[in-house]
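Here is a short briefing to read alongside the structure. Take a look at the fold, then follow the points below.

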Amino acid sequence: MSDIAARGLAKAHVRITGSGFSEDQDRQEAGLHRGLRAADQGLTPDFLMSVAAVFDEAEDILIGRQKDYGPGNINGGYPTPLVALVTRMNDKLERIKHILSHEGEAVYGERLRDSWLDLANYSLIGVMVQDGTWPGVKR
């Protein structure tokens, strides 16, 4: 896990539990989301921790791929970065359908879980492109 991702998970845990990784507190009582107790929102601390863990993993993958490939593979998308992202997302959905048709087994080395995380990251990239915060893309 990258240092950035580790700091993000620690912040998420503090936001959720209100206390960091304390084993002494009752997680049900301490669980917070946006300053409100999880239970008051119909949520459990375990659900909030699962969300934080998945976002942490997706963030780590996104940052790692950004380091490996840079922003050019998105910026140079034809005819626009957002249209190219939709094409990539469609390709990823087709892979997901193919994996599901093989009862969730890895197909050509791609696991179903990895494909879901990739699809989530394409969505996050789309938001950044639209907001003008993706490197090299102007609003």
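In this predicted model, the largest nonpolar core is built from eight residues: L62, I74, L85, Y122, I125, V129, W134 and V137. Helix α6 is the biggest contributor to this core, giving three residues. There is also a second, separate core of five residues, with I96, V107, L112 and L119 among them. As background, nonpolar side chains in soluble globular proteins tend to be buried together.

**Around W134**
- W134 is one of the members of the largest nonpolar core.
- Setting aside neighbours within four places in sequence, W134 touches Q66, P71, I74, N75, I125, M128 and V129.

**How α3 and α6 pack**
- Two packed helices are described by the angle between their axes and the distance between the axes.
- For α3 (residues 45-69) and α6 (residues 112-131), the angle is about 70° and the axes lie 10 Å apart.
- Because angles of 65 to 115 degrees count as roughly perpendicular, α3 and α6 are described as roughly perpendicular to each other.
- On the α3 side, the contact uses V54, E57, A58, I61, L62 and R65; on the α6 side, it uses R113, L117, D118, N121, I125 and M128.
- By residue type, the contact of α3 with α6 divides into seven nonpolar, one polar and four charged residues.
- L62 from α3 and I125 from α6 take part in this contact, and both L62 and I125 also belong to the largest nonpolar core.

**A buried lysine**
- Beyond its neighbours within four places in sequence, K92 is in contact with E110, S115, D118, L119 and Y122.

**A cis peptide bond**
- The Y78 to P79 peptide bond is cis, with omega near -5°.
- P79 sits in the loop between α4 (72-75) and α5 (81-101).

**The chain as a whole**
- The protein chain contains six helices and two strands, and along the sequence they follow the pattern α-α-β-β-α-α-α-α.
- Of its 139 residues, 29% count as buried.
- Among contacts between residues at least 6 apart in sequence, 46% join residues at least 24 apart.
- The accessible surface of the protein chain is about 9,100 Å², and 56% of that belongs to carbon and sulfur atoms.

Notes. Residues are numbered from 1 along each chain as its sequence is written. This is a predicted model: local features need pLDDT of at least 70, side-chain atom pairs count only at pLDDT 80 or more; totals for chains, interfaces and linings use all residues. Side-chain values use heavy atoms; hydrogens and water are left out. Axes are lines fitted to C-alpha atoms, for helices over the stretch in contact, and angles run from 0 to 180 degrees between N-to-C directions. Helices (H or I, at least four residues) and strands (E, at least two) are DSSP runs, numbered from the N terminus. Angles under 35 degrees count as roughly parallel, over 145 as roughly antiparallel, 65 to 115 as roughly perpendicular and the rest as oblique. Contact means heavy atoms within 4.5 Å. Ala, Val, Leu, Ile, Met, Phe, Trp, Tyr, Cys and Pro count as nonpolar, Asp, Glu, Lys and Arg as charged, and the others, Gly among them, as polar. A nonpolar core is a set of buried Ala, Val, Leu, Ile, Met, Phe, Trp, Tyr and Cys residues joined through side-chain atoms within 4.5 Å. Buried means under 20% relative accessible area, exposed over 50%, partly exposed in between (1.4 Å probe, protein chains only). Accessible areas come from the Shrake-Rupley method with a 1.4 Å probe; for residues, only the protein chains shown count as cover.
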